[in-house]
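Please keep the sequence and the structure in view while reading.

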There are 2 protein chains.
Amino acid sequence: MTDQHRGSVTLMDVAARAGVSLATASRALNGSNRRVGDALRQRVLDAATSLNYAPNAQAQAMARGKTNVVGLVVHDIADPYFSSIAAGVMEAAEGHEVLVTLASTLRRPEREIDYVVALRGQRSRAVILAGSRIDDDDAAEALRREVENFEDSGGTVVAITQKQLPVDTVVIENRAGARDLAGALVELGYRRFAVLAASDALLTARDRMHGFREGLRSHGVELGSDDVVYGPFTRDGGYEAMRGLLSRADELDCVFAVNDVMAVGAMAACREHGVRVPDDLGLAGFDDISTLRDVNPALTTVRLPLETVGATAFDLVLTSDSRERIRTRRIKGEVVLRQSTRTLNP
Amino acid sequence: MTDQHRGSVTLMDVAARAGVSLATASRALNGSNRRVGDALRQRVLDAATSLNYAPNAQAQAMARGKTNVVGLVVHDIADPYFSSIAAGVMEAAEGHEVLVTLASTLRRPEREIDYVVALRGQRSRAVILAGSRIDDDDAAEALRREVENFEDSGGTVVAITQKQLPVDTVVIENRAGARDLAGALVELGYRRFAVLAASDALLTARDRMHGFREGLRSHGVELGSDDVVYGPFTRDGGYEAMRGLLSRADELDCVFAVNDVMAVGAMAACREHGVRVPDDLGLAGFDDISTLRDVNPALTTVRLPLETVGATAFDLVLTSDSRERIRTRRIKGEVVLRQSTRTLNP
DNA sequence: GGCACGCTGGAATGCGTGTTCCACGATAAC
DNA sequence: GTTATCGTGGAACACGCATTCCAGCGTGCC
């Protein structure tokens, strides 16, 4: 008794101290379907607090047959895009007696599947899959199967952006946003564009690129094949891609990077090479990441309400109903013109 | 059988399909102390995969009496400071058969305590408390008590920065870093300083402020009481605090903001009021947040290896040993001089 | 006054798994 | 040929809790 005081205090300890049975103690603490006398209940509550009783969530989950754990799987928690979504999910979960578990796949698709399996092992109530799906058929098929397993075992799955999964999905309107942005830039007077794109396998990046091209086309502007440069979906990817473009910078009016961090990298490359933004070249991004709102010149971009995206995903989890057909919630982006582009008077 | 196929597949299902008993199935899957014949084991493994068996982690945890869940409690996951630490923890956890649960307190101390209780309920193996402790005696005492409960029930607690808790701690040398920064700035020729500080209740902010003052003093420079302005620990806090300082900007050489996001806000305020950085005023921050590395002019700051901080915390969890006395791991910052300060020739 | 009924508390069961204890067959040692 | 030993598989129990079933008791109704 003196050495290892291991082993937490259990409901039985509480019951013994209050001089009641397990059943009564449980009923007093959870206030379940049946009432327990006020005097006894108070005795149990006092015993619990004086013993610092914390119910064993594992045992509760097993006895009840369900958990209140929601898993959130993102690609990279250090990326402000995903951390904003995560913040939105967690804020929405506040007050709903739910424990949010966050997993970061470090951009490896097979980890994503592993995490869904692990969360199924936890008997999680739900999984939220955030992030642009890699367009690898094998991995996509494996994920689809595991999602099915997860749902078969009683959980609900919600996706963000992953349009190809047959589950409730929060769709970010990347294509429409990029289209709107293209239109706004053409109206400013820009005509000769280039795009810093990311791997075509990333659906988000691809949608933005295609949307941008469509937007230009509907205004009578065409994008040449040389005008699309590919690089990783990161700051350094934008930097390198922009460097490849600088040799012919004088042929260009404006560069669109498919996300803000790439745009910031591109801006750094421009600065290093004496290309002034926006005087020599316009520059636009996508996302409106709040920590990047203070770069100078301020970035023209498409604002995405990422916290709302997370909150919406959580709402889909709460209101999930397996009898209902698949639901889709669309989140629109909004073009924000700032100092990295200007009105052109040709 | 057709409608609700609820209820996951259990170990019993696997055993039945393989034609063995529960015990044998368990032994075959976990490879525990005793061996099971190769033929039978293969039968069990095949049954498991063909049924998509995922062991119920709750039940395992209860049977084993311990979990492999590690809880990470941060103040705000959308803050890059914390998301970098979180990324470090998760990367370190990779391959250690551990599930990391992330909780975000939204900067409310009572939520921090709630989460520790919840994690105790989960019978988590460990909790990592990240973030500058609010200097509220009542809350600190309550947290200390709850940490004690957590350890009594068999878990380990690791703190980041929270020096006042009697647990293994990763200490970020805020004071020394700020001291070094002050020295470097004085050597550049700056003499008339101001500090954008945050609430004194935040130990991190206070340490940086005090360290900066000490560094100045050791170089014969004093900081007047008017020269310290307080604001929230955020971008907008820095913006507002700087605005309050701009009326007397011509009396100043250099402004130190106690973290990068405040410095970025301050830079925006300067820009709006035509104060040029670094020509009219030097500006320095703290943290070297990577997403802020591209502001222009680039920020002089103190680089903290935040991923290393997270990884170190996780290492303390893994190597924890209750018999050992409290360990402390110190993480040093490194002064990085960039374009937001310059050499002064008075 | 007897009986049905509502209310409260206790004993027992089940959740899914790990593990201990026991039984059984085979082999080796004498 | 008999026994000790080892290897392997099955039955039973424990983990901590929710919940169902059952017993006792007081009250109201006929």
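Helices, of at least four residues, and strands, of at least two, are taken here as DSSP runs and are numbered from the N terminus. The model is a predicted one.

**The surfaces near the DNA**

With elements named in that way, H2 and H4 of chain A, together with H2 and H4 of chain B, each supply at least two residues of the surface near DNA strand D. The largest share of that surface, 5 residues, comes from H4(A). In total 26 residues surround DNA strand D, and the closest are Leu11(A), Asn30(A), Tyr53(A), Thr24(B) and Arg34(B). Of the atoms of DNA strand D that come within 4 Å of the protein, 58% belong to sugar and phosphate. By residue class, the surface near DNA strand D consists of 13 nonpolar, 8 polar and 5 charged residues.

DNA strand C is surrounded by 28 residues, of which Thr24(A), Arg34(A), Leu11(B), Asn30(B) and Tyr53(B) are the closest. Sugar or phosphate accounts for 59% of the atoms of DNA strand C within 4 Å of the protein, and bases account for the rest. The surface near DNA strand C divides into 14 nonpolar, 8 polar and 6 charged residues.

| Residue and its atom | DNA atom | Distance |
|---|---|---|
| Ser21(A), polar backbone atom | phosphate oxygen of DNA strand C | 3.0 Å |
| Arg27(B), polar side-chain atom | base oxygen of DNA strand C | 3.4 Å |
| Asn56(B), polar backbone atom | phosphate oxygen of DNA strand C | 3.2 Å |
| Asn30(A), polar side-chain atom | phosphate oxygen of DNA strand D | 2.6 Å |
| Asn56(A), backbone N or O atom | phosphate oxygen of DNA strand D | 3.3 Å |
| Thr24(B), polar side-chain atom | phosphate oxygen of DNA strand D | 2.7 Å |

**The nonpolar core**

In soluble globular proteins, nonpolar side chains tend to be buried together. The largest nonpolar core here has 172 residues, and those touching the most other members are Phe193(A), Leu196(A), Phe212(A), Phe193(B), Leu196(B) and Phe212(B). Beyond its neighbours within four places in sequence, Phe193(A) is in contact with several residues, including Leu185(A), Val186(A), Phe212(A), Leu216(A) and Asp227(A).

**Loops and backbone features**

Ser124(A) sits in the loop between helix H6 (109-121) and strand E3 (126-130) of chain A, and it counts as buried because its relative accessibility is 5%, the cut-off being under 20%. Outside the four places on either side in sequence, its contacts are Thr67(A), Val69(A), Leu119(A), Phe150(A) and Gly155(A). In chain B, Arg123(B) lies in the loop between H6 and strand E3 (126-130); Arg123(B) has a positive phi of about 55° although it is not a glycine, and it is buried at 17% relative accessible area. Leu106(B), likewise not a glycine, has a positive phi of about 55°, but is partly exposed at 23%.

A cis peptide bond, with omega about 0°, joins Asn296(A) and Pro297(A), and another, with omega about 5°, joins Val277(B) and Pro278(B).

**Confidence**

The mean pLDDT of chain A is 90, with 96% of its residues reaching 70 or more. Over residues 1-5 of chain A, however, pLDDT stays under 50, and the model has 1 contact beyond four places in sequence for them. Where pLDDT is low, the predicted coordinates should not be read in detail.

Definitions and conventions:
Residues numbered from 1 in each chain as written. Chains lettered and ligands numbered in written order. Predicted model: local features only at pLDDT ≥ 70, side-chain atom pairs only at ≥ 80, totals over all residues. Heavy atoms only, no water. Core = buried A, V, L, I, M, F, W, Y, C linked by side-chain atoms within 4.5 Å. Buried < 20%, exposed > 50% of the residue type's maximum accessible area, 1.4 Å probe, protein only. Contact = heavy atoms within 4.5 Å. Near = heavy atom within 4 Å. Polar contact = N/O pair within 3.5 Å; in protein donor to acceptor, adjacent residues only side chain to side chain. Nonpolar A, V, L, I, M, F, W, Y, C, P; charged D, E, K, R; others polar. pLDDT = per-residue confidence, 0-100.
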